[in-house]
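Me: I would like to learn how to read a structure. Please take me through it one feature at a time.

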Amino acid sequence: MRRSGWRTRGEPFYAGPFFLCEIGNGHSVGGGFLLTPDAVPDDGALDVCLARPLTLRRISRVLPLAMKAAHTSEPEIQMGRASRVAIRATKGSFPVHADGEAVSGAALAVDAEVLPGAVQALWGPGSDRKT
């Protein structure tokens, strides 16, 4: 487990060890895991799913729930929203992936921020956009 602290809107949201922390502006990752099921790409917010340390037994229970967005009420899961998220290692380091690719095996800090209007996207027929 990684030990870190992270903040939203300048206020500490969580400090302690974690199993997984997903920061996203889309609702699915990794081929169908709905870790941030309420995320909307153009709402100006990042959605966060934090999983506190889990035993192997709990991982086998909670992970399949994430395929149906049914994990959010589990006691080890904490959901949040912010325009900026900062994660800092307080002991050791943590791996970081971006869009499914490993970008660091030993990060000490991650900062994520919404930049409204920075990217323009087209939504075409057949997209799963809800609005």
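Reply: Begin with burial: a residue counts as buried when its relative accessible area is under 20%, and as exposed when that area is over 50%. The model shown here is predicted. In its protein chain of 131 residues, 31% are buried.

Me: How many helices and strands does the protein chain have, and what pattern do they follow?
Reply: There are 9 strands and 1 helix. Reading along the sequence gives β-β-β-β-α-β-β-β-β-β.

Me: How many bridges join strand 4 to strand 3, and how many join strand 4 to strand 5?
Reply: Strand 4, residues 46-51, pairs with strand 3 over 5 bridges in the antiparallel sense. Strand 4 and strand 5 also run antiparallel, joined by 6 bridges.

Me: Which bridge partners can I look up in the structure?
Reply: In strand 4, Cys49 is the bridge partner of Glu22, and Leu50 is the bridge partner of Cys21. For Ala51, the bridge partner is Ile77 in strand 5.

Me: Are the residues of strand 4 buried or exposed?
Reply: Of its 6 residues, 6 are buried.

Me: Now the helix. Which residues of helix 1 are buried?
Reply: In helix 1, residues 56-66, the buried ones are Ile59, Val62, Leu65 and Ala66. These residues are on the same side of helix 1 because they cover an arc of only 135 degrees around the axis. On the other side, Leu56, Arg57 and Ser60 are exposed.

Me: What do the buried residues of helix 1 pack against?
Reply: They pack against strand 5.

Me: Where is Ala69, and what is its phi?
Reply: Ala69 is in the loop between helix 1 and strand 5. Its phi is near 60 degrees, a positive value in a residue other than glycine. With a relative accessible area of 25%, Ala69 is partly exposed.

Me: Last, aromatic rings. How is a pair of them described?
Reply: Two values are used, the distance of the centres and the angle of the planes. This structure holds 1 aromatic pair. Phe18 and Phe94 form that pair, at 6.2 Å centre to centre and with 65 degrees between the planes, which is edge-to-face.

Me: Where in the chain are Phe18 and Phe94?
Reply: Phe18 is in strand 2 (residues 11-18) and Phe94 in strand 7 (residues 94-98). They are 76 residues apart, and the pair links distant parts of the chain.

Me: Are Phe18 and Phe94 buried or exposed?
Reply: Both Phe18 and Phe94 are buried.

Methods: Residues numbered from 1 in each chain as written. Predicted model: local features only at pLDDT ≥ 70, side-chain atom pairs only at ≥ 80, totals over all residues. Heavy atoms only, no water. Helix = DSSP H or I, 4+ residues; strand = E, 2+ residues; numbered from the N terminus. Buried < 20%, exposed > 50% of the residue type's maximum accessible area, 1.4 Å probe, protein only. Pairing = 2+ DSSP bridges. Phe/Tyr/Trp six-rings, centres within 6.5 Å; stacked < 30°, edge-to-face > 60°. Arc of directions from axis to C-beta. Contact = heavy atoms within 4.5 Å.
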